[in-house]
Structures are given as structure tokens and as C-alpha cells.
Amino acid sequence: MFSWLSSKTTTPNSQFHTTHTLDSSEPGLFYLNYKRLRITNEMSKHRKKIELLIIFITITCLIFYCECGIYYLTIWQCSWPLLGSGTVPESVRRVFFLSDPHLIGERRGSKLDRLRREWQMGRAFQSALTIHNPDAVFILGDLFDEGQFDSSQSWDYDVFRFRRIFYSNNIPLFVTPGNHDIGFHYIAKGNSFLSQRFYWEFNTTGAAMVTVKGLSFVLLNSMGTVGDSGCGLCADTMSDVYDVARQLRCPNSPTTDIFSCPPPSNPPVLLLHTPLHRLNDSICWQTTNSEDGPPVNQPITNRVDYDVINKNTSLLLLSLLRPRLVVSGHQHWACRVHHKSPSPEVVSIPEVTVGSFNWRNRVNPSFLLASLSDDSFRTHTCHLPFEYSIVFSYVFGFCLILTLVISLQLCRRRHRYNLLRKIIGNGRYSTLIVGDS
């Protein structure tokens, strides 16, 4: 249909700089300037760089959201509980409770799992501190998953990791021991080194009292509350409990019998790892959301001195300390119960069990925010992102990135085609002549 060019051609030094004789009246021929093609090629390379930059920024934003932003966004939706309108804001203590972080040791779990969980807990904890800025932080036991088995070297390394993850800057942080830190009662009572090591490292005792803006908090080692004969840990713990009770109830007459002294004028908050005695956890399904309570297949009856403190010790603690609120952990799920008060002036004493802070134990870890004044308090359970929410965000994000890559490829091809049409013409010619003029 069209005739191919067969005219005289001269070739200069450059490989692409060719000169052709062109008869503009001859059909089927058109003239293409190579300089314009070279500019088009440079524009295409620049466009590729821009596309790669867009893809890189998109992937970076996705990773930042899934590894940092999602924690801020989720925790930001949770706020401090409000007290009555007559409460003076300056008198309110805002306290942050969490439990059972279970930092994985060398025996259980892979290194990848350990790094992943530590990153999640660290990001969540720092996000919570930044957003809520509490007056104090309390961690209610089971700081470590293998503390009872740790050698001195492993213990030092676990403590270093704990302080790195749960770094609270200038915010006071207090801890209580759990069964994974010093062992259950039958282990801890036979090896005082485990409890003494914990006491020394975190500057606490069997029962220690701290104050936050004038409000007292009693931190109790619940592993030493069994009270059986021959248990040195139990004797030391209960001796510390009596000392704290005297400070609360008989500050001016420490030698007086505690039970003859009036209840504390400013009742404390009792903090411990193992909950006080309750027969079963069926009440938890009624007092908490279904997603916070125990799993459906969880055994109903609690084991005394394993899942809960025995009844006699629970009654003694309530009688001695007369707390306004009890906060515990250990069960890995949230629960709210009311204990009968030994004081006729108070109907009941509430206990709040805090869920685990580790995604290894729950798909929806949680922590507790509490606002406390001299005469009232309120608590609110806050959740961290669901594990599958993070996975879904990654899957959805990478699908969007794949769609973006395909769209950019199609746009690039169409752009190149349109540029060639502008240079070549309407595309109806079959003969290409390259020139440099």
C-alpha cells in the first residue's frame, strides 16, 4: 500500500543521527526528529521516578499506620471517666492500670514472636502515656513469662527489656509480683531468692503502700497470702500487711490493736495480681462486655490459691485495709464483682480484674483508666487494636498498592502512546524516517 524509502542515505558519527532525502509529496512517509524522541524518553524516566516515589510513600504510610498510627487512633477513642459535677478537677487522680504483659523469655516462643509482641506492647504503652498522661501507672504482676525460671543473667536481660518497653519517663510506675515472676505459692515459699530478687529490683515488699496526690495505694504480693504453716514468704507478707494497716488506721498509736482503730479516713486502693476469692467467673459475663469476659469454654469453678485467693485471707484483707476499690489481674480477662464489706457504713467493695496487655494472651488486649477523688471513683476499660484489624489493614493496604501500581502502568503506556501520536502524527503512516534537523 505504501512504498518504503529507498533513497540515498548518509550516516554521521552518531549511531542514530541519520539523514534521509524526503519528498514531502510522496505518500506514506513522515519525518521524525530524534531529539524529540530523546526528550520523550527522558520524560518517561522522570515519570518512572515519580511513580516509584509514590509507591514508596504509600508503602511507608501503610507500615506507619499499622505499626504506630493504629495504636494512637484506637487509644485516642478511649477517654478518662468523668466524676460528679461537684468534683474539683485538681483533686482527681488519674491512674493507668495494666496487667499480665508476659514478656516472652528464651524458653517459650520464637524470637520473631518475642520481637513482635514487644513492639506491639511498647507502641501501645507509649501511645497511651502520650494521649492520657496519667498521674501514675500500676502493672499488676506477670511482668515476665519465665521469671521463675530465669538465671541471674536472663533476669537482668528481662528487666532491661521491661524497662525499655514500659519506659514511663517522669510518670511514677509501680509493679506487683505475679506467679510467672516469682512462681506460685508452692514454688515461691521454698525459694525466697525469687521474691527477694523481685523486691530488690522493683523496690517493693510483700505489702507496700505508695501515695499518688495524697491517695494511698497498697501493693500486695498475692503469692504470699496462702497462710499455711512453714511458709516464710506468707509470714513476711502478712507482717507487711499488718504494718500497712497500722499506718492507715492507727497512725498516732502504732502499738494499739488494729481492729480497735477506726477505718481509714481516706480508704486505700488495694492492688494485687491474684483476684480475691470468688467461687466462679460466671458473674463476669454479666458485668462486662462479651468480648472482655472469659471464654465460653472456660471452667466455671476457680481453683483456690491458684485462680483466686482463699476466702479467709480475702476477708482478712478487706477487714484490715478497708479498701475503697480492689484491682487485680491474673485471669487475662476483665471482670467486675462486689465483695461484702466488713464495715456497716459501706455496702460493698468493688473489685475490677484487668485483662491481659499482651496480644499473645488475647486478640483484644486492654487496660484500665481510673479517675479517683477523695469520695468517689470511676473506672473505664480501654481496648487495644484487634489482632485481625492490623492484619486486615495490611491486606487492604497492599491490595490498594497493587491497584495503584497497575493504574500507573496503564497511565504510563497511554501517556507514551499519546506522545508518540503527537510526534508522529495521526498514526496512519507506515514509514519512519529519523532525522536531527
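Contact here means heavy atoms within 4.5 Å. By that rule, in this predicted model, helix α7 meets helix α9 through M238, V241, Y242, V244, A245, L248 and R249 on the α7 side and L316, L317, S319, L320 and L321 on the α9 side.

**Helix pair α7 and α9**
- Helix α7 spans residues 232-249 and helix α9 spans residues 311-321.
- Their axes come within 9 Å and cross at roughly 25 degrees.
- Angles under 35 degrees count as roughly parallel, so α7 and α9 are roughly parallel to each other.
- By class, the residues of this contact are 10 nonpolar, 1 polar and 1 charged.

- Helix α6 runs over residues 192-202.
- Its buried residues are L194, S195, R197, F198, Y199, E201 and F202.
- The cover over these buried residues includes α3 (152-165), β6 (173-176), α4 (179-182), α5 (185-188) and α7.

**Largest pocket**
- The largest pocket holds about 330 Å³ of space.
- It is lined by 15 residues, and R163, L173, F174, V175 and F202 are the closest to its centre.
- At least two lining residues come from each of α3, β6, α6 and β7 (207-212).
- Strand β6 gives the largest share, 3 residues.
- The lining has 10 nonpolar, 3 polar and 2 charged residues.

**Second largest pocket**
- About 230 Å³ of space lies in the second largest pocket.
- Of its 17 lining residues, P267, R322, P323, R324 and V346 are the closest to the centre.
- Strand β12 (residues 348-353) supplies the largest share of this lining, 3 residues.
- By class, the lining of the second largest pocket splits into 8 nonpolar, 4 polar and 5 charged residues.

**Cavities**
- The count is 2 cavities of 30 Å³ or more.
- The largest cavity has a volume of about 70 Å³.
- Its lining is F184, H185, S222, M223, T225, V226, T274, D305, Y306, V308 and I309.
- Of the residues that line the largest cavity, 6 are nonpolar, 4 polar and 1 charged.
- The second largest cavity has a volume of about 30 Å³.
- G105, E106, D150, S154, Y157, D158 and R161 line the second largest cavity.
- This second lining divides into 1 nonpolar, 2 polar and 4 charged residues.

Note on methods. Residues numbered from 1 in each chain as written. Predicted model: local features only at pLDDT ≥ 70, side-chain atom pairs only at ≥ 80, totals over all residues. Heavy atoms only, no water. 1 Å grid on protein atoms, 1.4 Å probe; cavity = no way out; pocket = protein on both sides within 12 Å on 5 of 7 lines; lining within 4 Å. Points joined across faces, edges and corners; volume = space filled by probe spheres on them. Nonpolar A, V, L, I, M, F, W, Y, C, P; charged D, E, K, R; others polar. Axes fitted to C-alpha atoms, helices over the stretch in contact; angles between N-to-C directions. Helix = DSSP H or I, 4+ residues; strand = E, 2+ residues; numbered from the N terminus. Parallel < 35°, antiparallel > 145°, perpendicular 65-115°, else oblique. Buried < 20%, exposed > 50% of the residue type's maximum accessible area, 1.4 Å probe, protein only.
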